[in-house]
Amino acid sequence: MAEALFRPLSARDGLRKEWSDGRSTASVAAEFVKPNSRLTSVERLEIYARSYWFRVLDCLCEDYPGVRAILGERRFMKLATEFLARFPSASFTLRNLGSRLPAFIAEEPAFSGPHVALAADMARFEWAQVVAFDGPALPVLTREDVIAAGPALRVTLQPYLTVAEYAYPVDQFALALKKTALRGEASNALAAMPSSRRKPRPRLPRPARSFVAVHRQDNMLYFKRLEPEAFAILTGLGAGRTLAAACAAALRQADPGVDWAARVRQWFQTWQGLGWFARRGASGRSRRERA
Amino acid sequence: MPANPFNNQTEYGIGIGLRVPHFRHILEKKPVVDWFEIISENFMVDAGRPLEVLDRILEQYRVVQHGVSMYFGSADKPDREHLKRLKTLVRRTKTPWLSDHLCWGSVDGRYTHDLLPMPYTLSVARHTAEKIRHVRDFVEVPICVENVSSYAEFHQSEMTEWEFLSEVVEKADCGILLDVNNIYVSSKNHDFDPFDYLDHIPHHRVGQIHIAGHTKFEKYLLDTHDHPVLDPVWKLYAHAIKLCGHTATLLEWDDRIPSFDEVHHEALKATKFLGRQTGRAAVPAKEPAAA
């Protein structure tokens with residue numbers, strides 16, 4: 001039965017006529033499923049196969065609305081179907097279903113046509129939102145911790161925070177999608193099935209390097225543009241460098257005419273205020289990405 | 001006094017499912033509701049808004065956990081991470097009992113996220129009961145298993161569904177979450193008398209009852225939870241209460257969810273059946289002398 005479920009549906013959203021070994025699916029189904037007076041064995045099995053595919057495809061639609069908008073309905077469904085055929089859910093929760101989709105898009109460019117880079121960027125950005133929605137939070141670094149450590153300070157970035165570099169302005173594109181790219185609830189909430197309504201395809205953005213942090217504040221999702229140097233500092237801190245080392249590496253080729261000390265101080269105060277830093281050694285894994 | 005040995009929570013009356021579209025209404029209006037049932041998996045997360053909402057609900061209401069992915073009937077052993085997260089949530093909610101489905105849904109670490117029917121054989125019943133005991137011993141709360149609605153039957157089955165359910169719960173020494181809508185849906189799909197089902201299960205093990213709506217298609221009924229409870233299901237519910245005594249009852253409404261008040265009003269229709277039972281000073285379902 002599981003084999004019938006995990007095989008992608010036919011073009012008519014039914015079970016494929018031919019089983020994997022060449023036999024007819026109807027004859028295979030008849031071997032283990034009883035027919036009744038109204039439904040054949042294969043028709044009964046088909047109810048489950050449809051239910052499975054509609055559920056998992058709906059889940060990816062909900063978690064990746066931006067990728068769906070970029071690729072269009074037909075191409076997105078093809079991508080999602082192929083992805084799910086190769087990587088069926090390996091977790092008790094649907095929350096993790098699409099975790100490998102960003103990598104899959106990059107590894108299998110044929111499914112995204114001319115929009116591979118944009119789709120891959122958007123997928124990373126949207127997965128970062130899943131992480132920010134319900135990812136773990138560690139005890140926040142206090143002002144006293146910072147003062148005590150001085151320039152030798154090492155921090156851990158909050159596990160729910162993702163800082164990443166993108167080749168496209170994915171955050172602006174998400175806003176252009178009227179903020180529908182930001183989820184409001186758990187992706188595995190049974191009550192929150194996504195709509196299948198077709199939306200007009202938005203104008204796609206042109207390449208423009210961007211650095212974005214996806215995080216949460218008071219349990220609401222936010223994304224925040226970062227300056228390249230700020231991104232580099234956060235990346236360095238996330239990699240375990242001291243504050244001094246992270247700043248030195250990030251500002252090595254920076255414009256000498258800028259008062260970087262003041263700017264870094266301001267950034268640090270903002271990040272600290274947002275609770276992005278946890279004490280080094282607190283359990284958990286900080287998320288750092290690079291395109 | 002409990003109505004039966006597995007229903008020692010008789011002060012639990014009519015509850016409703018805690019669903020995302022109602023979060024705001026419940027938190028702001030604080031309606032009088034006896035108890036809420038949560039889908040465990042939606043709250044088995046590390047942090048974020050789901051847990052914030054849950055904690056606020058727990059300040060005001062009693063919560064009972066209902067799971068959708070333990071898959072007692074799957075050949076796989078329970079996932080350790082799943083069990084640990086479930087136990088953490090049990091401690092948080094202090095749920096007096098825990099329910100999940102009498103079904104399978106995963107194979108070789110791949111998850112269907114569906115409630116799939118099992119072949120009704122003695123060996124499957126033994127395996128399932130063993131798994132229920134294992135989970136109960138780990139989470140340390142009583143377990144009730146729910147009968148699922150189904151659309152397929154297997155040639156391999158050696159007994160009726162109600163015989164299988166009885167066999168499992170006796171071997172596992174656990175309770176039953178009796179879903180009378182599921183019984184009705186399956187009775188139409190598999191051509192049996194739903195009252196036979198009710199009459200032949202161990203009533204003294206029924207710890208909770210589910211009621212819900214379903215959808216009628218040309219050749220089968222589908223358990224959709226997107227309608228009010230239909231008359232034939234109310235009749236079954238009335239019969240179940242007669243047999244089982246006063247039992248905690250929950251209305252499931254998971255799709256096309258109307259206002260909170262409409263859902264609550266529908267759930268409270270069960271009052272007249274529970275009231276009748278209470279008014280008769282309850283004739284508790286007795287455990288058979290020789291079980």
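Start by selecting residues 14-17 and 35-39 of chain B: these are strands S1 and S2, which run parallel and are joined by 3 bridges. Strands here are DSSP runs of E with at least two residues, helices are runs of H or I with at least four, and both are numbered from the N terminus. Two strands count as paired if DSSP finds at least two bridges between them. Pick out B:Ile16 next; its bridge partner in S2(B) is B:Phe36.

Before moving on, a word on the model. It is predicted, so local features need pLDDT of at least 70 and side-chain atom pairs count only at pLDDT 80 or more, while totals for chains, interfaces and linings use all residues. Residues are numbered from 1 along each chain as its sequence is written, and chains are lettered from A and ligands numbered from 1 in the order in which they are written.

Now widen the view to the barrel of chain B. Its 8 strands close in the order S1-S2-S3-S4-S7-S8-S9-S12, with parallel pairing. From one strand to the next, the twist averages 30 degrees.

Next, select residues 80-93 and 122-139 of chain B. The axes of these helices, H3 and H4, come within 9 Å and cross at roughly 50 degrees. That makes H3(B) oblique to H4(B), since angles under 35 degrees count as roughly parallel, over 145 as roughly antiparallel, 65 to 115 as roughly perpendicular and the rest as oblique. Show side chains where they meet: B:Leu83, B:Leu86, B:Lys87 and B:Val90 in H3(B) face B:Val135, B:Phe138 and B:Val139 in H4(B). Contact requires C-beta atoms, placed from the backbone, within 7 Å.

Finally, bring in chain A. Here 40 residues of chain A are in contact with 38 residues of chain B. On the chain A side, helices H1 (2-6), H3 (41-63) and H7 (116-134) each supply at least two residues, and H3(A) gives the most, with 8 residues.

Key. Axes are lines fitted to C-alpha atoms, for helices over the stretch in contact, and angles run from 0 to 180 degrees between N-to-C directions. Two residues are in contact if their C-beta atoms, placed from the backbone, lie within 7 Å.
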